[in-house]
Amino acid sequence: MIANIVQNHLDIIVFFVALLAERFFPLVSWYHPNTFLTVIFSALSERLYNPTNPKSYQYLASTLAFTLTILVIVTLVVLFLEFAFYPELLNGLILYLLLSSRAQEKKSLRIARLLKLSQKATARELLASLVARDVSRLSAPGICKATMESLVLQSARHYFAVIFFYLLGGAILALVYRLLTLIHQAWRKNLKPNNPFLAPIAKLLFVLEWLPTRLVALTIAATNASKQCIHYIKHYGRHFYQTNTGWLLSVTSAALQVQLGGPALYQGERFNKMRVGTDRLPDADDIPALVNRLNQAKAFWLLLIVGIEVISLFAN
């Protein structure tokens, strides 16, 4: 009886095991496959990118680069899955490797502790590994703001969106999406946000993330039960330079009653971004508060998935 239940629902069991494993047993970045892939993707951009080339050539080069790269990796994974005796277990392993939020949380909390000890230089060094912007001139509130923005954006993209695409289309769709985010993240390290070489993959990710980022934003708003979140989305999120990011920063700003956004330096150039909120600047205590908000959102998604699975079980 139990064996039949496990066999019939092995895919969902493996799904929850992967979530728990990522939560309590995250891989160290030193030997995580993402670290190896990021090095390859960075070398690829250095090989292909030439600022003297026309924009049309850069559009074509970057599109072909990420398309062919993902096609090769996905083809190898699909062939491996075809010969797997238990493909559900392999799918769970893929999901475990694709999810990435616990490591970000630990680094963010460490930054908060360093700021409380007035170790801003060390906090900046740790923050530099999380963001693409220049952090050398950031004050303590600026470090907190950049850390919180990175935390909510990366959690939405590297955790919630991965789960969304995994449930929508399985491990392969989630893998394609995660590879796109890795390539974009690796290329952004040495390029400005408005560089034409980044435009094709950035636009594709915007389309893919349109729905999951809004679901995450609404989840954070629901956990706070505040009308101010919806007001901030209308007032700031819809007019932000990138509306997916705008939605997430708006609900975070409203939920914690702090100011986010504002100008940022990339490759020595100042980019004037909209400030979100009129409240106080964030401090070190707001970082663990944001971690708690995101954990509440994760619990909400988990309970929702469990509820849907239970309903479908009894319906059958």
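Contact here means heavy atoms within 4.5 Å.

## Basis

This is a predicted model, in which local features need pLDDT of at least 70 and side-chain atom pairs count only at pLDDT 80 or more, while totals for chains, interfaces and linings use all residues. Residues are numbered from 1 along each chain as its sequence is written, and side-chain values use heavy atoms, with hydrogens and water left out.

Asparagine 34 sits in helix H3 (residues 33-48); helices (H or I, at least four residues) and strands (E, at least two) are DSSP runs numbered from the N terminus. Asparagine 34 is buried at 13% relative accessible area, where buried means under 20%, exposed over 50% and partly exposed in between (1.4 Å probe, protein chains only). Beyond neighbours within four places in sequence, asparagine 34 contacts Leu97, Arg178 and Leu182.

Serine 250 belongs to helix H11 (residues 243-256) and is buried, with a relative accessible area of 0%. Leaving out neighbours within four places in sequence, its contacts are Tyr232, Ile233, Tyr236, Gly237 and Val276.

## Salt bridges

The structure has 9 salt bridges, each a side-chain nitrogen of Lys or Arg within 4 Å of a carboxyl oxygen of Asp or Glu. One of them pairs glutamate 105 with arginine 23, with the closest N and O atoms 3.2 Å apart. Glutamate 105 lies in helix H6 (residues 102-116) and arginine 23 in helix H2 (residues 10-24), so this pair ties together parts 82 residues apart in sequence. Glutamate 105 is buried at 0%, whereas arginine 23 is partly exposed at 27%.

Aspartate 283 and arginine 280 form a salt bridge at 3.8 Å between the closest N and O atoms. Through shared partners, salt bridges join Arg23, Arg102, Glu105 and Lys298 into one network.
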